[in-house]
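This briefing is meant for a reader who is meeting the structure for the first time.

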Amino acid sequence: MDADLEKTTEAKTSIYRQESEFHRVHEHQSASAVLRAVIDEAKGETISIREIIEAFGERAFGFVLILFSLPNCVPNVPGIAGIVGTPVLIFGIQMMLGHKRPWLPGFILRQTVSVAKFKRLIDIAEPKLQKLESYCKPRLLQLFGPIGDRVVGLFAFLVALSVLIPFPGTNFPPSIALVIASIAVMEEDGYLLLVGYLIGLAGLAYTVTILGASYHLIVAAIQNLPGWLGF
């Protein structure tokens, strides 16, 4: 029994060391380069969600925010906003609380995806991501750090609330802004981060305007309802 326990502990330690070594080697590379390395160095025909997230280390929040925001950046089936908006809300709260990496239940971390399918996705996204990354460089680094991460978390939280509101147009601009801001966080580009914030604030202002107009319409309808019914 003790021997089995020792082997299990050694196996877990070995896996941890491999993940730490991967992160150490690719720590200062771009997001697209890390994704490509994950594919190139994958062992077997599948790769787990844990392995993908661990590959980004402390930049994992940026990756998962991009992952769950992209579906709202393109036309999708009704209801998808609620499915992907909820995780963004949770990740935003975690960032505001100062978490260094996104927490996900073990059963989700153990889920695997086909390396071949993931490679096709990277092949499509990589040129666009590299083009955006070509404009990125470390700037305004004072916007990053413990306080900066909490601000990004608040921004993600507000974006998620906007996405979850079932009104036309309330999910697209904020989601685009969050993708831009997330890339900025991963590349530590303060100028790009400010661009993301400005686009996001414009989108959030639109959401607030829609909510305000809807509220006044509902109040007016309630007030006029007796007259319409002939009372």
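This is a predicted model: local features need pLDDT of at least 70, side-chain atom pairs count only at pLDDT 80 or more; totals for chains, interfaces and linings use all residues.

The unreviewed UniProt entry places the feature "transmembrane region" at residues 151-170 and at residues 190-213.

**The annotated spans**
- In residues 151-170, the end C-alpha atoms lie 21 Å apart, and the span is 70% helix and 0% strand.
- In residues 190-213, the end C-alpha atoms lie 34 Å apart, and here the span is 100% helix and 0% strand.

**Overall make-up**
- The protein has ten helices and two strands, and, read from the N terminus, its elements follow the order α-α-β-α-α-α-α-β-α-α-α-α.
- Of its 231 residues, 37% count as buried, while the protein exposes about 13900 Å², of which carbon and sulfur atoms supply 67%.
- When contacts between residues at least 6 apart in sequence are considered, 77% of them join residues at least 24 apart.

**A nonpolar patch on the surface**
- L154, L158 and L161 together form a nonpolar patch on the surface, with about 230 Å² of accessible area between them.
- L154, one of these residues, has its place in helix α8, which covers residues 146-164, and it counts as partly exposed because its relative accessibility is 42%, a value that falls between the 20% and 50% limits.

- P102 lies in the loop between α5 and α6 (106-109), and it counts as buried because its relative accessibility is 9%, which is under the 20% limit.
- Leaving aside neighbours within four places in sequence, P102 is in contact with A60, F61 and V64, and also with I53, F91 and Q94.
- Although P102 and G62 are 40 residues apart in sequence, their C-alpha atoms are 9.5 Å apart in space.

- C73 is found in the loop between α4 (60-69) and α5 (80-96), and it counts as buried because its relative accessibility is 13%.
- Not counting residues up to four places away in sequence, C73 touches F172, S175, I176 and V179.
- The C-alpha atoms of C73 and P173 are 7.8 Å apart in space, although the two residues are 100 residues apart in sequence.
- S175, which is found in helix α9 (residues 172-187), is buried, with a relative accessible area of 1%.
- With residues up to four places away in sequence again not counted, S175 touches C73 as well as S69, N72, V159 and V163.

**The bend in helix α7**
- Helix α7, which covers residues 115-134, bends by about 40 degrees at A125, and a proline, P127, follows within four residues.
- The buried residues in α7 include V115, F118, I122, E126, L129 and E133.
- The cover over the buried residues of α7 includes the helices α2 (31-40), α3 (49-56) and α9, together with the strands β1 (46-48) and β2 (112-114).

Terms used
Residues are numbered from 1 along each chain as its sequence is written. Side-chain values use heavy atoms; hydrogens and water are left out. Buried means under 20% relative accessible area, exposed over 50%, partly exposed in between (1.4 Å probe, protein chains only). Contact means heavy atoms within 4.5 Å. Accessible areas come from the Shrake-Rupley method with a 1.4 Å probe; for residues, only the protein chains shown count as cover. Patches are made of residues with over 30% relative accessible area and no salt bridge: like charges are joined within 9 Å, nonpolar side chains (Val, Leu, Ile, Met, Phe, Trp, Tyr) within 5 Å. A salt bridge is a side-chain nitrogen of Lys or Arg within 4 Å of a carboxyl oxygen of Asp or Glu. UniProt positions are given in the numbering used here, feature names are shortened, and annotations may be inferred rather than shown by experiment. The bend at a residue is the angle between axes fitted to the seven residues ending there and the seven starting there.
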